[in-house]
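Welcome! Here is a short briefing on a protein chain and some of its side-chain contacts. Please have a look at the model first.

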Amino acid sequence: MISRRSFGKALGVGAGAAAAGLTVPHGTATAAAVPAAPATVTAPGAAAAFPPVKQIRAGLLDVGYAELGPAHGPVVICLHGWPYDIHSYVDVAPLLAGQGYRVIVPYLRGHGTTRFLSERTFRNAQQSAIALDVIALMDALKIHRAVLAGFDWGSRTADIVAALRPERCKALVSVSGYLVTDREANLKPLAPKAELAWWHQYYFATERGRLAMEDKTLRHDLTRLVWDTVSPTWDFDDATFERTAAAFDNPDYAAVVVHNYRWRLSLADGERRYDGLEKRLAARPVIAVPTVTLDAERDPFTAPGGGSAYRDRFTGPYEHRTLPGVGHNVPQEAPAAFARAVVDADHL
């Protein structure tokens with residue numbers, strides 16, 4: 001647990017302001033509110049560490065996950081993206097745990113210590129399959145409802161659970177807004193500058209790209225290049241990257257990553273068992289749970305318009321924030337702002 005004074009300092013405000021911001025209306029069953037703070041890029045969190053990773057069988061997987069906070073606190077599930085791992089939340093999780101939240105940070109399929117239970121299972125990374133992994137994890141941990149928070153693949157996954165299983169999602173934090181994949185729209189070209197940011201997606205559509213992901217050295221250098229280009233203001237050190245890169249040595253990593261990007265472009269099939277869910281997602285279902293969306297100003301994937309491109313997809317209590325000077329890996333670059341968004345979404 002961290003003190004209110006320490007939490008206030010982490011957020012860049014005084015202890016008095018922190019204490020004032022922690023006041024919650026009588027009878028509220030959620031964790032205390034986090035004081036307001038500007039979104040600023042933080043120093044690399046190489047000194048921070050998770051407790052030993054836990055494992056649990058859930059659905060098709062043996063899921064590895066970090067857990068912080070009181071066992072009976074309100075639950076927040078934080079979902080990472082590509083090419084990242086649970087350490088995107090190594091600074092966010094203690095902030096939330098210190099305020100009474102039970103924080104669960106799982107490795108997605110194909111990452112870290114998460115493994116498929118059967119060698120015969122197709123290494124599928126279509127969006128609905130990954131979303132069902134989260135539901136299975138919640139069932140295995142006996143968690144009925146949770147605040148879901150994510151970026152990149154994690155945003156997409158959290159969006160899908162919020163849209164299709166709102167009874168399991170108490171509130172949502174989604175970096176880049178509404179990221180449910182529209183495969184029909186993905187068949188159409190973007191403006192050339194926008195296409196440039198997606199170079200890795202097109203690379204993975206080739207045999208060369210697949211071979212690169214299977215080669216440890218090339219995979220290492222490719223993912224480091226992505227970090228450097230999509231987070232241009234983040235001054236992380238080598239140790240911070242290497243800690244995450246260890247999660248890419250999962251034996252299913254290359255297959256999962258390549259399938260995900262090929263499936264998005266309709267270059268790879270999914271599984272028929274998910275056809276019903278994908279049909280519902282193709283209709284771009286609205287999200288009615290309380291939501292905070294975050295746009296990172298220096299992220300090359302951030303859509304123009306200050307969230308206007310997806311505003312109509314969120315029909316419940318809603319706030320949108322733009323984080324100046326922040327790149328793609330929002331929770332690790334701006335952990336205080338991300339933690340604040342989680343608590344605010346929980347109290348909308």
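Pro-70 has a relative accessible area of 27%, so this residue counts as partly exposed, a class that lies between under 20% for buried and over 50% for exposed. Bear in mind that the model is predicted.

**Around Pro-70**
- Pro-70 belongs to the loop between β2 (61-68) and β3.
- In space, Pro-70 and Arg-102 are 5.4 Å apart from C-alpha to C-alpha, while 32 residues separate them in sequence.

- The structure has 19 aromatic pairs.
- One of them joins Tyr-84 and Trp-227, which are stacked with 5.3 Å centre to centre and 25 degrees between the planes.
- This pair links distant parts of the chain, 143 residues apart: Tyr-84 is in the loop between β3 (75-79) and α3 (92-97), and Trp-227 is in helix α9 (residues 216-230).
- Tyr-84 and Trp-227 are both buried.

**An edge-to-face pair**
- Tyr-178 and Phe-314 form an edge-to-face pair, because their planes stand at 85 degrees, with the ring centres 6.1 Å apart.
- Here too, distant parts of the chain are linked: Tyr-178 lies in the loop between β7 (169-175) and α6 (192-197), and Phe-314 in the loop between β8 (291-296) and β9 (318-323), 136 residues apart.
- Both Tyr-178 and Phe-314 are buried.

**Cluster and charge**
- Ring pairs connect Tyr-84, Tyr-89, Phe-151, Trp-227, Trp-234, Phe-236, Phe-241 and Phe-338 into a cluster.
- Over the ring of Phe-241 sits the charged end of Arg-224, 5.5 Å from the ring centre.

Technical notes
Residues numbered from 1 in each chain as written. Predicted model: local features only at pLDDT ≥ 70, side-chain atom pairs only at ≥ 80, totals over all residues. Heavy atoms only, no water. Phe/Tyr/Trp six-rings, centres within 6.5 Å; stacked < 30°, edge-to-face > 60°. Helix = DSSP H or I, 4+ residues; strand = E, 2+ residues; numbered from the N terminus. Buried < 20%, exposed > 50% of the residue type's maximum accessible area, 1.4 Å probe, protein only. Lys NZ or Arg CZ within 6 Å of the ring centre and 35° of its normal.
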